[in-house]
Amino acid sequence: MTHVLVIEDDAAIRTSLVRALGDRGHTVSSAHRGLDGLQHAVDDRPELVLLDLGLPDLDGHTVLSMLRAVRDTPVIVVTARDDDASVVRALDSGADDYVFKPFTVDQLEARMRAVLRRTSAPHGEDRFVVGGLVVHPTSREVTLDGVPVELSRREFDLLLLLASRVGEVVTKREILAQVWQQVYGGGERTVDVHLSWLRRKLGESAAHPRYLHSVRGVGVRLSAPEAPDAPDAPEAPRVPGAAGATDPTDPTDA
């Protein structure tokens, strides 16, 4: 099953989660402080983190940002804060999903499965090749003209989505739903920022795109760069006496 790290300061909730997930076959470790949780994330390398935002030593958003700096582990925020600002901030900081307290273990497990499906490599494709860009879903590696490109998990997931639909315009709503799991939209600025970062790493810009082409008001399309137009061939020199050439000394031209 899944190795889950629970970072939760409420002892009753933490104990309940550890027991319930353990009973369902998961390996569970836990921490009640943010710094302890970060240490577990580095040392134990869990497959998924359940993170409370209200921790005694560090704000959960800070823990999330620190975790994202060292690990790409999927994170589900578990919080009693149901205001939009907290949710948006958590998602923008790198959370993969969120659940509001109180919740059932069935609901939580469903969210866990969905997040793990999204963050695992898709089946059936060995790699995606778009011009000089090569995306390997299984190893999560990217090369551009043979040179490795270092991407964050979000950047890779965004590029992988576009590569799986090369040539199509993918709307920002679709990107939010599939990469950020925001099915109702509302985070288009996040998409724009990540597209900007991705463009920079691919050596291009919105003003001078090569692979990532924005369609105003719709979304973005990944396509191979167009080959530069071949220069016009120089006019062949005229050789006196050759077919089609005009010889000024030829009396038949007179």
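This is a predicted model: local features need pLDDT of at least 70, side-chain atom pairs count only at pLDDT 80 or more; totals for chains, interfaces and linings use all residues.
**Stop 1: two helices**

Select residues 34-44, which form helix 2, and residues 60-70, which form helix 3. Two packed helices are described by the angle between their axes and the distance between the axes. Here the axes come within 10 Å. They cross at roughly 20 degrees. Angles under 35 degrees count as roughly parallel, so helix 2 is roughly parallel to helix 3. The crossing of helix 2 past helix 3 is right-handed.

**Stop 2: where the helices meet**

**Stop 3: the cavity**

Rolling a probe the size of a water molecule over the atoms shows where empty space is left. How many cavities of 30 Å³ or more does the structure hold? There is one. The largest cavity has a volume of about 40 Å³.

To find it, select L53, V77, T79, R81, S86, V87, A90, L91, A95, D97 and Y98. These residues line the largest cavity.

**Stop 4: what builds the lining**

Highlight strand 4 (75-79), helix 4 (84-92) and strand 5 (97-100). Each supplies at least two residues of the lining. Which element gives the largest share? Helix 4 does, with four residues.

Finally, colour the lining of the largest cavity by class. Seven residues are nonpolar, two are polar and two are charged.

Key:
Residues are numbered from 1 along each chain as its sequence is written. Side-chain values use heavy atoms; hydrogens and water are left out. On a 1 Å grid over the protein atoms alone, a cavity is a set of points where a 1.4 Å probe fits but cannot get out, and a pocket is an open set with protein on both sides within 12 Å along at least five of seven lines; lining residues have an atom within 4 Å of a point. Grid points are joined across faces, edges and corners, and a volume is the space filled by probe spheres set on the points. Ala, Val, Leu, Ile, Met, Phe, Trp, Tyr, Cys and Pro count as nonpolar, Asp, Glu, Lys and Arg as charged, and the others, Gly among them, as polar. Axes are lines fitted to C-alpha atoms, for helices over the stretch in contact, and angles run from 0 to 180 degrees between N-to-C directions. Angles under 35 degrees count as roughly parallel, over 145 as roughly antiparallel, 65 to 115 as roughly perpendicular and the rest as oblique. A crossing is left-handed if the near helix is turned anticlockwise from the far one by less than a right angle, and right-handed if clockwise.
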